[in-house]
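Please view the sequence and the model before reading on.

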Amino acid sequence: ADSVFLGEAEGHMEQVFDDLRRGALAPCYDFLDQRPDIGLVGTARREILNRRLYNYRGVQMVDLVHASRGCRFHCYPCAVAYLGGRKLRPRPIDKAVTEMAAIDNNRLFIVDNSLAQDTEWELALFREMIPLKKKWCSHPIEDTPKVLDLAAQAGAWYVYQAVFDTSEYIRERIKRYHDHGIAVEGTILLGLDSHTEDSIKELID
């Protein structure tokens, strides 16, 4: 690579483009510790996409959108706490929902690192999403009855759930999702420090 950019683009790419135009591109732009105001995050310019490339056997792929950045958790093996910071930075809900509403696709992937970081924000987001009548998948959401019920009304399709052992904690969490009609795609983690050959075989079984 001629140049590497580290961090979030908003408010910083102008410098990169200016350097490129001058033929003075720096080897590295490190903005990891200079995260932009979340209010600067705008709507993606989907009109420039070639939609024909986003179809698989005639099925349109999900559109990606996010309602927040950063994550207050620090789960193994996720790198988000390093890349996006250890603090939830929610976009204004009206901006996020307006973007979702404008997407010409009834299936979305909300790419937030975790929606289960602030219960009141999560509930408010789901309430505003209900009228959209879109199906969506995401990383984990809070698995309490109140949140799951509202998520289901808002169109929760399935969630990604890390599966790293055969504990009742994992089983019960998945069951709670299923009880509300929300499917689960298991993200299977093998090779944690606590794993043994026998525990890995048990997990696979």
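Is K133 buried or exposed? K133 is exposed, because its relative accessible area is 72%; buried means under 20% relative accessible area, exposed over 50%, and partly exposed in between, with a 1.4 Å probe and protein chains only.

The model is predicted, so local features need pLDDT of at least 70 and side-chain atom pairs count only at pLDDT 80 or more, while totals for chains, interfaces and linings use all residues. Residues are numbered from 1 along each chain as its sequence is written, and side-chain values use heavy atoms, leaving out hydrogens and water.

**Two loop residues**

K133 lies in the loop between α4 and β9 (135-138). R57 is placed in the loop between β3 (55-56) and β4 (59-60). Helices (H or I, at least four residues) and strands (E, at least two) are DSSP runs, numbered from the N terminus. R57 counts as exposed because its relative accessibility is 74%.

**The nonpolar core**

A nonpolar core is a set of buried Ala, Val, Leu, Ile, Met, Phe, Trp, Tyr and Cys residues joined through side-chain atoms within 4.5 Å. The largest one here has 27 residues, and L115, L125 and W136 are among those with the most contacts inside it. Elements that give two or more residues to this core include α3 (93-102), α4 (119-129) and β10 (156-163). The most comes from α4, with 5 residues.

Leaving aside residues up to four places away in sequence, L125 touches A67, I93, V97 and L115, where contact means heavy atoms within 4.5 Å. In soluble globular proteins, nonpolar side chains tend to be buried together.
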